Structure formats: structure tokens, C-alpha cells
Amino acid sequence: MAGMDSISFTDESVLKVREENMSTEVIRAVNTNDSKDEEKMPTNKNNGSVVCNNSGGWRYASILLANQGLATLAFFGVGVNLVLFLTRVLGQDNASAANSVSKWTGTVYMCSLIGAFLSDSYWGRYFTCAVFQLILVLGLGLLSISSWVFLIKPEGCGDGEVGCSASSPAGIIVFYISMYLVAFGYGGHQPTIATFGADQFDELHPKERISKEAFFSYFYFALNVGSLFSNTLLVYYEDTGRWTLGFLFSLGSAVIALVSFLLGTPGYRYIKPCGNPLPRVAQVFVAAFRKWDFVPANAGDLYEVDGPESAIKGSRKILHSNYFVFLDKAATVTDNDLCGPADSWRLCTVTQVEEAKCVLKILPIWVCTIIYSVVFTQMASLFVEQGNVMSSNIGNFHLPAASMSAFDICSVLICTGIYRQILVPLAGRLSGNPKGLTELQRMGIGLIIGMLAMVAAGITEMQRLKYVAPDQKTSSLSIFWQVPQYVLVGASEVFMYVGQLEFFNGQAPDGIKSFGSSLCMASISFGNYMSSMLVNMVMAITARGNSPGWIPNDLNEGHMDRFYFLIAALTALDFVVYLFCAKRYKSINLEDQGKATEMQGQEDDALRRV
């Protein structure tokens, strides 16, 4: 009887905790003899923002991971060798091609902000993913046609030996239209698919919250699996002059990705969009400005709607924080607010004010990640140009310079496994944090490793120049000297970009989750633009008089090593600023986080009584 009483108490306690802490929770029938059903019992967001509740989980998240891998294969099948396509087929010089790649890649990730805005505000994650994948397919189709009909003349040209005929203006226009369609499609798809995958797990459920944290590591893992194929198989075909075949393979991969995504439609877990966040944030600043002469009220006296739901559709309540206190004026109730009609441009809720504060808090951290993206973007431009003038023959086999990025990808895959299986448990035992290292700690480590990668690249370039024979285009130094710089960049990505995905997604309020994920891509975008700006500035300063500059068309006459060391120095300076910002950062405090923690503790206490 004692045992039966304990079991009865457990069931009642667990259900009571769940009912008290989750409004509008959908509870399905639970078979007490099936513990698996009990573990998978679905929960709902505060205000019913989950459209389909009995869905999601790893089964459908895995479909999205496969989609990410295939879409990435398609994208990098075009992007990884773009710098050589521009020099060999379109006849651009090295500096111009590097800048063109940086601007195009920057546009790719800048488009992520557009996708995130549409996803959060109007379309929702699913529809946004579908539309932008369709644009990606259209862009790749047009690119394949333009290269076949207009650019690759004669057939097989652009292999480094056979030059291509001058392209017609119409062919070049079609090429750039197709390339920027690819940029728009892939850029808008990226942050949305990451957030949509995370939506498949309910973070109010303890086990699903752990799965959600692990999802971002596997997301980046899937991205690099796709990159591995594009950086080896497709690069080989393109480097030997079969550019159109490589583009067609990318098109096929994008089509398969789109079809597989649509097949999972019945089982996805959907979150409703929360409306346009721009007016909400603007209202906070306008309301605070209109009450400029007022003293902010105490935290307990600030305005907030009653009940468990926030005033923002689809968003949980956010508890008050002591950052940017001047914005609390927007939630301070005055006599005019009590007498006049409700005006969101004069009185905002605490949750709305905290949403604006969250954006302001994460911006300094985001700015510090841009320099790292300058490091990352060198793999698609200067690393390839550097490898292209090194000894890359293995017997009779010519190794394409762009294929060296396979070492970066393998480094990511290996380091991801080491991190998840070894470092997280070890660091968790030492620090008491189940995540192992915090997101901010990982991003700092990523900055340090990225700096070391630039030092390694500079040393490799110094050695390459020593082995250049007179009147020879390529150095006799083996291209495998580049392996350390690629491996270090790959290791830094595991810490920096996975950390960014988790940090920005986790710290963004519910109403701007996709915006949070897009910040990682926007960092890469600005990093590419900054890289292009640095190249232009360096060439403007160093290419004076009879000096060819650091990055001339003939790299054997330049000093690209100094450019790498310059980036390393900028990264070291950026790390100091990052430490200052990271130490002062305070995490978002959602109302349901405390309730979920309390719920888990009471459940565990109840289960221990069994």
C-alpha cells in the first residue's frame, strides 16, 4: 500500500506541476503502462503559438538536417570554386576576383536578415524555407544554362590551361543574375531552417531542451557533410573544365533537398509568426523618449499584462532586467496613461521593453564576431589563390586548390565529435555546467584558434615565396603546407559558429528567433565586406610607385603573408574587446524558464519518492 500511495502521489504531483506552470497545455491520454508515452507528452507555448503539437522530435529534425546538408552541397558546389571561375572563365585578376567573391558571399548572408524577418513576422518558418529553397533551385537552373550556352566556350575551357573566349555582355548579365538568385535563395533559407529545426523540440520539456541544444551541433555537422562532397567531388569536375556538369550536380542536390523538405510537411512542429518586430521595438524607444522627464518606476511597478500570456502574439513573458534602465520609462505608468486611451506608442509592457533590451544587449557580442568572419572568408578567396600557385601534383594527379578545404571540413566533423563526446562531459564535471562550456566561452576560444590559423597561413606564405624559382608561376612548396591553416579554421568554427547559433537563438526573444539565428549569417556577411574593404585598403596603401602591393595579380611579387599577419593582429585586438563585452553580458530571463526549472525539480523530487 505504501508503494501504491507513493506512485499515486507522484502522478498527482507531476500533473499538478505541469498544470500550474504551462497555460493552454495540451495533454493527451497517457497509458500508465507505457513510460515512453509519458516521456514524450507534448507541451505548448503560453499562448497557443504551436500549431501542431503531436509532432516534431528527432525524426523530423533529421529530415531538416538532411535538407541542410543537401542545400549546402548545392550552394558550395558553386561558391567554393567561384574565385577560379571568375579568373579562368571571366578573366578577372586575383584581387578583383577575391573582392567579387567576398561581396557575393556577403550578399548571401545579408539575405539571411530578409529571410529571418519574413519568417518571424509574416510567413512562418515552414513557408519561408519552402519559398527560398525554390529560389535557390531557380538560380542554380539559370546558372547551369548560362554557363552551358554563354560562358564555357570552347567546351572544356577554364581548366587552367585552355582559356575561354571573351563572354558576351548578355552572358555575363545572366550569370550575375543567376548567382545573386542563388545568394538570395540560400541566404534566406539558412537562418530559417536552423530555427525551424530547433522548433521541433519543446524547451519546456527537460529532455527535449537537451536535444535542442545538441541540434545546433548536428546542424553544423550536416552543413559540413554537404560541404565535404562539394569541396571534393564537384571541385574536381569544375577544376578540370567541366563547370556546367558541376553546376548541374548542384541543381540536382537542391531539387532533392526541396522535395525531401516537402515530404516532411505532415509531421513538422509549427510555430506561428509573432508579427512585425520593428514597430514593437520602435514603440519602446518612442515611448521612452516621450517620457524623457519621468523617473523610471521600480521593477515591480512597471506595466505588464495580467495572466500567463504576454501581449506579443506567440511570445512568452520576459522578466525585468537592470540593463538600459532608461528604456523602463516606456513601461512606467503615468497619469496620462491612466486617463487617456491605450496607446502602444506611449505605454509598453515589460516584455516589449525587454525585447528591445535583448537586441541592444547582443549587438556588442555580434559586432565582435565580424572580425572572425574575416578569418573564415579567406578560405574561399586567398587560401584558394595561395594554393593555386603551390605544387599540387600527386604523381599524375592534379589536386585542385579549392579541394584543400576538405581538411577544414574534416576538422569540423572530427572536432564536433570530440567536443560532444569528450569535452562536454569533461568540462561539465569540472564546471558543473551540463553544457560543458558556455556559448560565450566557446566563441572566445574560436577567436583564439582563428587568430592562430592566420599566423599559420602567414608562415606558409613566407615558405612558399622562398621556393619560387625565377620565371616560374608556381612555387615548388607542396600545397599540403596549407593543411594546418585549414585544420585550425575548422576547429575554430566548431567553437565559434556553433556557439553563435546556440547563443543568438537562445538569447533572442520568441518573437525574433529567426532574427537571432540570422545574426550568425549576418556576421559572415559583414566579415566578407570587411575582408573586401581590407584588401582594397591594403592595395591602395602598398601598391604605390613601382611596388606591386601585398596582393598583386602575380602573388610571387607580393607579400600576402603580411596581409595574413594583419588579420591575426586585428583578431587579437578584437578578442580583448570581446572579453570586455562577454564578462558584462547577462542572459535573457524568460518567465517560463524559471517555471520549467521548478517543474523539473519538483518532478525529480516526486519521482525520488517512488
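**Exercise 1.** Work out how helix H7 packs against helix H14 in this predicted model.

*Solution.* Start with the geometry: H7 (residues 206-239) and H14 (residues 405-431) pack at an angle of about 155 degrees, with axes 9 Å apart. Helices here are DSSP runs of H or I, at least four residues, numbered from the N terminus. Axes are lines fitted to C-alpha atoms over the stretch in contact, with angles from 0 to 180 degrees between N-to-C directions. Angles over 145 degrees count as roughly antiparallel, and H7 and H14 are therefore roughly antiparallel to each other. Next, look at who takes part: the contact (heavy atoms within 4.5 Å) includes Tyr220 and Phe221 of H7 and Ile409 and Arg420 of H14.

A word on conventions: residues are numbered from 1 along each chain, and side-chain values use heavy atoms, without hydrogens and water. Local features need pLDDT of at least 70, side-chain atom pairs count only at pLDDT 80 or more, and totals for chains, interfaces and linings use all residues.

**Exercise 2.** Is Thr128 buried or exposed, and which residues does Thr128 contact?

*Solution.* Then, leaving aside neighbours within four places in sequence, list its contacts: Gly115, Leu118, Ser119, Trp123, Gly188 and Thr192.

**Exercise 3.** Find what Ile365 touches.

How values were computed
Helix = DSSP H or I, 4+ residues; strand = E, 2+ residues; numbered from the N terminus. Parallel < 35°, antiparallel > 145°, perpendicular 65-115°, else oblique.
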